[in-house]
Amino acid sequence: MTIVPRVLLLPGSLRDGSVHRAVLRTAKAAVGMARGVLFDGTADLPHFDPDDDVDPLPPPVAALRSAVEWADALLICTPEYAGGLPGSFKNLLDWTVGGAEIDDKPVGWITAAPPGRGGGAEAALRVALEYTGARIVEDACRRIPVDRSTLGESGIFTDPETRMRITGTLMALRMHSTATPLRCRGVR
């Protein structure tokens, strides 16, 4: 039986037209590799405050944690801002520290920055994910510089090499996912 993991796709950019979201939309379109869901609630999250990290959680935080819990694995694509993670994405990660949903969850990322850039975001991402208890899958942490001119009208990349590299990242993540056969989850 084929196991197709549920992958939560976490964009670090709030811009709908960002290449980072396009990378994740391309990953979502990789038929048969994963059942991807693009998380769009980052802008709705309140500023992290440990005093608010109690039940009942703010609804956007509860939605984030529920999405993380649903997933068999996480795939991140984020830009680098000022040598680190965008503040809104760091805020998202801060909200995952207090919950157990991400603990031991396989996580990978794609850095879409041109050569020589993106290292600060990768380093900050690694540190934050280690605090959450996520299981970083090294084979699923890749640099895939993208050419915006190969972005199709559908918002996904049309370049075969880019698509193949994104699919390869999903395959590496899939090898470490916590997915179980669909029939075991009551889905037929």
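## Close-up views of a predicted model

**View 1. R21 sits in helix α1.** Helices here are DSSP runs (H or I, at least four residues) and strands likewise (E, at least two), numbered from the N terminus. This is a predicted model, where local features need pLDDT of at least 70 and side-chain atom pairs count only at pLDDT 80 or more, while totals for chains, interfaces and linings use all residues. Residues are numbered from 1 along each chain as its sequence is written, and side-chain values use heavy atoms, with hydrogens and water left out. With a relative accessible area of 6%, R21 is buried (buried is under 20%, exposed over 50%, partly exposed in between; 1.4 Å probe, protein chains only). Leaving aside residues up to four places away in sequence, R21 touches P11, S13, L14, R15, D16, L38 and D40 (contact means heavy atoms within 4.5 Å).

**View 2. Helix α1 (residues 19–28) crosses helix α5 (residues 160–175) at roughly 70°.** Their axes come within 9 Å; axes are lines fitted to C-alpha atoms, for helices over the stretch in contact, and angles run from 0 to 180 degrees between N-to-C directions. From α1, V23, T26 and A27 meet R163, I166 and L170 of α5. Sorted by class, this contact has 4 nonpolar, 1 polar and 1 charged residues (Ala, Val, Leu, Ile, Met, Phe, Trp, Tyr, Cys and Pro are nonpolar, Asp, Glu, Lys and Arg charged, and the others, Gly among them, polar).

**View 3. Helix α3 (residues 87–97) and its buried side chains.** F89, N91, L92, L93, W95 and T96 are the buried residues of α3. They pack against β1 (6–11), α2 (59–70), β3 (73–77) and α4 (119–132).

**View 4. A cis peptide bond links D55 and P56.** Omega is about -5° for this bond. P56 belongs to the loop between β2 (35–38) and α2.

**View 5. A82 has a positive phi, near 50°, though not a glycine.** Look for A82 in the loop between β3 and α3. At 90% relative accessibility, A82 counts as exposed.

**View 6. D104, another residue that is not a glycine, has a positive phi of about 65°.** D104 is in the loop between α3 and β4 (106–111). With 45% relative accessibility, D104 counts as partly exposed.
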